[in-house]
Amino acid sequence: MDTLNIDAIRKPIRITWQVITLETIAILLIALFGLTAFDKTVRFGRFLDELGKSPFLMDYALAVAIGTPLIEAIVAMMLVIDKWRLRALYFSVFLMSLFTAYIYMLVNYSYFTSCLCSAAIESLSWQQHLIFNMVFLAFALIGVLIEETNSQNQIPKS
């Protein structure tokens, strides 16, 4: 009787610095987007009210108030699924770019400067907030580079 060789069936997983870095970045982005989406949903009234005061978003406050936490939650879920991770990382770059540009515009071109992020991030100064966003933007960019490299190095399935 033939015995089943589990090791031959098991897909080998090589733990490399790229895998560890990518998983760490994904976990950090999942936490960021998941927590901010949850916070904006739980405090929806406040989020909508603050958006209504923003000179850049007041005309779109309701759409942004509904869309932002929804998109953040979707991106967080996409980051969990390997098949969707690269797309999610691109969305992360896009979102972090938008959020960073919005903060920059508020600080430099607006009379209204209220933070619409989660409670933990609200305690940061505007300079700290910009640095925080740029660090997460860099994480997302690094994640894209690693994931792109990994997907190009994979052997196509026949």
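This is a predicted model: local features need pLDDT of at least 70, side-chain atom pairs count only at pLDDT 80 or more; totals for chains, interfaces and linings use all residues.
View 1. T41 is exposed, because its relative accessible area of 51% is over the 50% cut-off. The residue belongs to helix α2. Between the C-alpha atoms of T41 and L70 the distance is 8.7 Å, although 29 residues separate the two in sequence.

**View 2. Crossing of helices α4 and α5.** Helix α4 covers residues 61-80 and helix α5 residues 85-109; their axes come within 8 Å and cross at roughly 145°. The crossing of α4 with α5 is left-handed. On the α4 side, the contact is made by T68, I71, E72, V75, M78, L79 and V80. On the α5 side, R85, R87, A88, L89, F91, S92, L95 and F99 take part. By residue class, this contact holds 10 nonpolar, two polar and three charged residues.

**View 3. Length of helix α5.** With 25 residues at 1.5 Å a residue, α5 should span 36 Å.

**View 4. Buried residues of helix α5.** R85, A88, L89, S92, V93, L95, M96, T100, Y102, I103 and L106 are the buried residues of α5. In an α-helix there are 3.6 residues a turn, so residues three or four places apart point the same way. The buried residues of α5 are covered by elements including α2 (17-42), α4 and α7 (126-153).

Notes: Residues are numbered from 1 along each chain as its sequence is written. Side-chain values use heavy atoms; hydrogens and water are left out. Axes are lines fitted to C-alpha atoms, for helices over the stretch in contact, and angles run from 0 to 180 degrees between N-to-C directions. Helices (H or I, at least four residues) and strands (E, at least two) are DSSP runs, numbered from the N terminus. A crossing is left-handed if the near helix is turned anticlockwise from the far one by less than a right angle, and right-handed if clockwise. Contact means heavy atoms within 4.5 Å. Ala, Val, Leu, Ile, Met, Phe, Trp, Tyr, Cys and Pro count as nonpolar, Asp, Glu, Lys and Arg as charged, and the others, Gly among them, as polar. The expected span of a helix is 1.5 Å times one less than its number of residues. Buried means under 20% relative accessible area, exposed over 50%, partly exposed in between (1.4 Å probe, protein chains only).
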